[in-house]
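Q: I'm new to this one. Can you walk me through it, a piece at a time?
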Amino acid sequence: MSTQALLVTPAAPIESMLQRFGPPIVILAIVLAVWEFLVWLFDVPPWLLPAPSQVAVRFTRTPTLWYHTGLTILEAFSGFAVSALLGVSLSALIVHSRFMERGVFPYIVVSNSIPIIAVVPLLTIWFGFGLAPKVMIASIITFFPIVTNTTRGLKAADPRILDFMHSINATRSEIFFKVQLPAALPFIFAGFKIAASLSLVGAVVGEFYGSDRGLGYLVITSATQLRTDLLFVSIIVLAALGVGLFTLFGKLERLVIRGEVDTERPT
Amino acid sequence: MSDEGAARAEAPSPLIRMRGVGVVYPSAQGPVNALTGVDLAVADGEFVALLGPTGCGKSTLLRLVSDLLRPTSGQIEVRGQPAAAARRANEFGFVFQEPALLPWRSALENVRLPLEVVDYPASDRQARCESLLEMVGLTRFRGHYPHELSGGMKQRVAIVRALAWNPSILLMDEPFSALDELTKAQLQDDLLDLWASEKKTVLFVTHNISEAVYLADRVVVMSAHPGRIARTVTIDLPRPRTADQRETLPFLALVREAREALRGEPATLTTPTTPTTRAS
Ligand SMILES: Nc1ncnc2c1ncn2[C@@H]1O[C@H](COP(=O)(O)OP(=O)(O)O)[C@@H](O)[C@H]1O
Ligand SMILES: [Mg+2]
């Protein structure tokens, strides 16, 4: 009994890291090895399916990669930031005004059902080939999840706490900042996480059409020139960005939100 | 605020007065008569229990007093002013059936919430919260978040939160009905201690007969459809109340009287005291 208990005691940090990341790394290594071997065995042409080693080489030999990546991040982040600012403010308005809720919500729903790809050329006509249309697309595509989640969160405040606040004559802004907004934070972060990956999609889609830089441009040109190794590099970078953003917001969320989900005990 | 005591000696004006109060809620099935013809006067420092079945309008009555809801008819006055004035003067401390604490604030920060709203001097807040938590034996838990506290502890936090800025009227809506028997008995005694030391006026809603009799100076028995006051039972048991009293004959007689009033039976002839005398 006691030896069994010893076996399940928490492992040392390095050991637990190994336990957590060991298996997926092993699996990945196996998949890459099989892939490499099959490409070699059947002599697959690189334009059809490059070997992992070829992709790795391309990754190190594309000096402009970080320039394109940086640009896409800038567009995605700007779009996200604009959307977060406008979205959270609009949600606050919606929650405080029945008129705004009834008047604005239908259009938010409609805007979400417009295929964004169809809007890209229009924005390009209006705003040219610079950063602006990409930022706009990123912000349009992220607006819906931010507004809907934030609105739901602001309405999630305990009605008895609201009664309590009213009974002590609290002002609207006191109620908003002390009760509604903190109560909405988990919802806001849920919206932000969805929006973060969508903002990348928006920026890349914007770059597909009429752009000579950014990861979207890299995807399109490498595809049309059959530089499949470069296409793989771009896709991998985009995937890594998506995972990175998601993790970042998860970490931020744990930093910002206190209580309930927290298991640490202050002494 | 000095009253002409002599002129009013025979009938001190009540702290809370409701006259002919009615509330009609609109609903899909037509208007709901939640309360009709409610006349109620509560003296300063009195502990009044509102006892009645679910749906008889007890919560509605508390919401009326605290100006969270306007009556459809009748008047409500607190200190001779409309209830809204009393709300603006932060006279009401509200406690609900569920603790309704903010999960992202520690016990102490939850108690501090109203102090941040009612213009309590910032430099005194910390000390005030600490002494309040000490009163209910939670000093050790002041840094704990609600999910780390038991149901009874959370309700204690909710009670001192409602007392934090020293409001004169405590409104409690079935505050102990979600607690187990032992915790409930403990909190009832704690509440009586707090009430004795802090000199509050309490409106205490419950559907537990023995709880109402144990705590109150007066039990206002209500009945439903439409919600109204059926009868008032004066509890002339000595204070301080102790758990032993629950077994005494006078206590049990009062419980029976309240139960009969709840059932809608007329006052029995065995009623120990003259039924019409008010607590004076
Ligand atoms: N907001 C509301 N809209 C419609 N009907 C309501 C509302 N609030 C309460 N009622 C009705 O009014 C009556 C009294 O409710 P309430 O004051 O909550 O009673 P109690 O607290 O004694 O259970 C009930 O019949 C209830 O269904
Ligand atoms: Mg109720």
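Q: Let's start with Arg87(B). Buried or exposed?
A: Arg87(B) counts as buried, because its relative accessibility is 14% and the cut-off for buried is under 20%. Keep in mind that this is a predicted model.

Q: Which helix does Arg87(B) lie in?
A: Arg87(B) lies in helix 3 of chain B, residues 83-88.

Q: And what does Arg87(B) touch?
A: Leaving out residues up to four places away in sequence, Arg87(B) touches His166(A), Ser167(A) and Asn169(A) in chain A. In chain B, Arg87(B) touches Ser66(B), Asp67(B) and Phe92(B).

Q: There's another arginine, Arg161(B). Where is that one?
A: Arg161(B) is in helix 6 of chain B, residues 151-163.

Q: Is Arg161(B) buried or exposed?
A: Arg161(B) is buried, with a relative accessible area of 1%.

Q: What is Arg161(B) in contact with?
A: From chain A, Ile161(A) and Phe164(A). From chain B, Pro99(B), Ala100(B), Leu101(B), Asn110(B), Val111(B) and Pro114(B). That leaves aside neighbours within four places in sequence.

Q: How far is Arg161(B) from Glu260(B)?
A: They are 99 residues apart in sequence. In space, C-alpha to C-alpha, they are 36 Å apart.

Q: Switching to sheets. What is the order of the six-strand one in chain B?
A: The order is 6-7-8-3-9-10. The sheet is open, and its pairing is mixed.

Q: Which strands stand at the edges there?
A: Strand 6 (92-95) and strand 10 (228-234) of chain B. Each has a single partner strand, so one side of each is left without a neighbour in the sheet.

Q: How much are neighbouring strands turned against each other?
A: By 20° on average, ignoring direction.

Q: Which helix packs on this sheet?
A: Helix 7 of chain B, residues 181-198. Helix 7 touches strand 3 (47-51), strand 7 and strand 8 of chain B. The direction of helix 7 makes about 140° with that of strand 3 of chain B.

Q: Tell me about strand 8 of chain B. How many of its residues are buried?
A: Six of the six, so strand 8 of chain B is largely enclosed by the rest of the structure.

Q: Which way do the residues of strand 8 point?
A: Thr201(B), Leu203(B) and Val205(B) point one way. Val202(B), Phe204(B) and Thr206(B) point the other way. In a regular strand, side chains alternate between the two faces of the sheet.

Q: How many bridges join strand 8 to strand 7 in chain B?
A: Five bridges join strand 7 (residues 169-173) to strand 8 (residues 201-206) of chain B, and the two run parallel. Met172(B) has Phe204(B) as its bridge partner. Asp173(B) has Val205(B).

Q: What about strand 3 and strand 8 of chain B?
A: They pair in the parallel sense, over five bridges. Phe47(B) stands opposite Val202(B) of strand 8.

Q: What is the order of the four-strand sheet in chain B?
A: That open sheet has the order 2-1-4-5, with antiparallel pairing. Strand 2 (32-42) and strand 5 (81-82) of chain B are its edge strands, each pairing on one side only.

Q: Which helix packs on that sheet?
A: Helix 2 of chain B, residues 58-65. Helix 2 touches strand 1, strand 2 and strand 4 (73-78) of chain B.

Q: How many bridges join strand 1 and strand 2 of chain B?
A: Seven, and the strands run antiparallel. Val23(B), for one, has Leu35(B) as its bridge partner in strand 2 of chain B.

Q: Over to chain A. At what angle do helix 9 and helix 10 pack?
A: Helix 9 (residues 172-208) and helix 10 (residues 215-224) of chain A pack at about 50°, with their axes 7 Å apart. That angle makes helix 9 of chain A oblique to helix 10 of chain A.

Q: Which residues make the contact?
A: Helix 9 of chain A brings Val204(A), Glu207(A) and Phe208(A). Helix 10 of chain A brings Leu215(A), Gly216(A), Tyr217(A), Val219(A) and Ile220(A). By class, the contact has six nonpolar, one polar and one charged residues.

Q: And how do helix 4 and helix 11 of chain A cross?
A: The axes of helix 4 (residues 65-96) and helix 11 (residues 228-256) of chain A come within 12 Å and cross at roughly 40°. The crossing is right-handed.

Definitions and conventions. Residues numbered from 1 in each chain as written. Chains lettered and ligands numbered in written order. Predicted model: local features only at pLDDT ≥ 70, side-chain atom pairs only at ≥ 80, totals over all residues. Heavy atoms only, no water. Axes fitted to C-alpha atoms, helices over the stretch in contact; angles between N-to-C directions. Parallel < 35°, antiparallel > 145°, perpendicular 65-115°, else oblique. Contact = heavy atoms within 4.5 Å. Nonpolar A, V, L, I, M, F, W, Y, C, P; charged D, E, K, R; others polar. Pairing = 2+ DSSP bridges. Buried < 20%, exposed > 50% of the residue type's maximum accessible area, 1.4 Å probe, protein only. Left-handed = near helix turned anticlockwise from the far one by under 90°.
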